[in-house]
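I opened this one with my notebook beside me and jotted down what I looked up. Here are the entries, in the order I made them.

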Amino acid sequence: MRFPRIPSPIHSNLREGVKFTDGTDFNAAAVKANYDRIIDKENNLRQRRTFVVTGEDGSETYRVESIETPDDYTVVFKLTEPWAPFIN
């Protein structure tokens, strides 16, 4: 069985007018800030291992090479390699 490759970069268009429960806007800057918070090793968040693979020698490989926010409602994820679970 063959599976199609997921293209990179992946463009996500966010819906305008969505708010977090505290009333702040859900926008591209919020998506990037949350990703940056998750992968920051100092925060010691469990979700980090979803995006950062640690080798037996302690080396780290990031699954997302970069995130760009060309406007308030567009997020562009550039993956380091095809990674099907990303779309979940």
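I started with the fold and found two helices and five strands in the chain. Helices (H or I, at least four residues) and strands (E, at least two) are DSSP runs, numbered from the N terminus. Read from the N terminus, the order is β-α-α-β-β-β-β.

I noted the ground rules next: this is a predicted model, where local features need pLDDT of at least 70 and side-chain atom pairs count only at pLDDT 80 or more, while totals for chains, interfaces and linings use all residues. Residues are numbered from 1 along each chain as its sequence is written, and side-chain values use heavy atoms, with hydrogens and water left out.

Then I checked the overall dimensions. The C-alpha atoms fill a box of roughly 45 × 35 × 20 Å along the principal axes. Of the 88 residues, 25% are buried (buried is under 20% relative accessible area, exposed over 50%, partly exposed in between; 1.4 Å probe, protein chains only).

What lines the largest pocket? I listed Val 31, Asn 34, Tyr 35, Ile 38, Thr 50, Phe 51, Phe 77, Trp 83, Pro 85, Phe 86 and Asn 88. Helix 1 (28-39) and helix 2 (48-51) are the elements that give two or more residues to this lining, and helix 1 gives the most, with four. For my own reference, a pocket is an open set of points on a 1 Å grid over the protein atoms alone, where a 1.4 Å probe fits, with protein on both sides within 12 Å along at least five of seven lines; lining residues have an atom within 4 Å of a point.

I turned to the rings and counted five aromatic pairs (ring centres of Phe, Tyr or Trp, the last by its six-membered ring, within 6.5 Å; planes under 30 degrees apart are stacked, over 60 edge-to-face, the rest tilted). One of them is Phe 20 with Phe 26, edge-to-face at 5.6 Å centre to centre and 80° between the planes. Phe 20 is partly exposed at 34% relative accessible area, and Phe 26 is partly exposed at 26%.

Why is the pair of Tyr 35 and Phe 51 edge-to-face? Their planes stand at 85°, with the centres 5.3 Å apart, so the pair gets that label. This pair links distant parts of the chain, with Tyr 35 in helix 1 and Phe 51 in helix 2, 16 residues apart. Tyr 35 counts as buried because its relative accessibility is 9%, and Phe 51 is buried at 17%.

My last entry: Tyr 35, Phe 51, Phe 77, Trp 83 and Phe 86 form one aromatic cluster.
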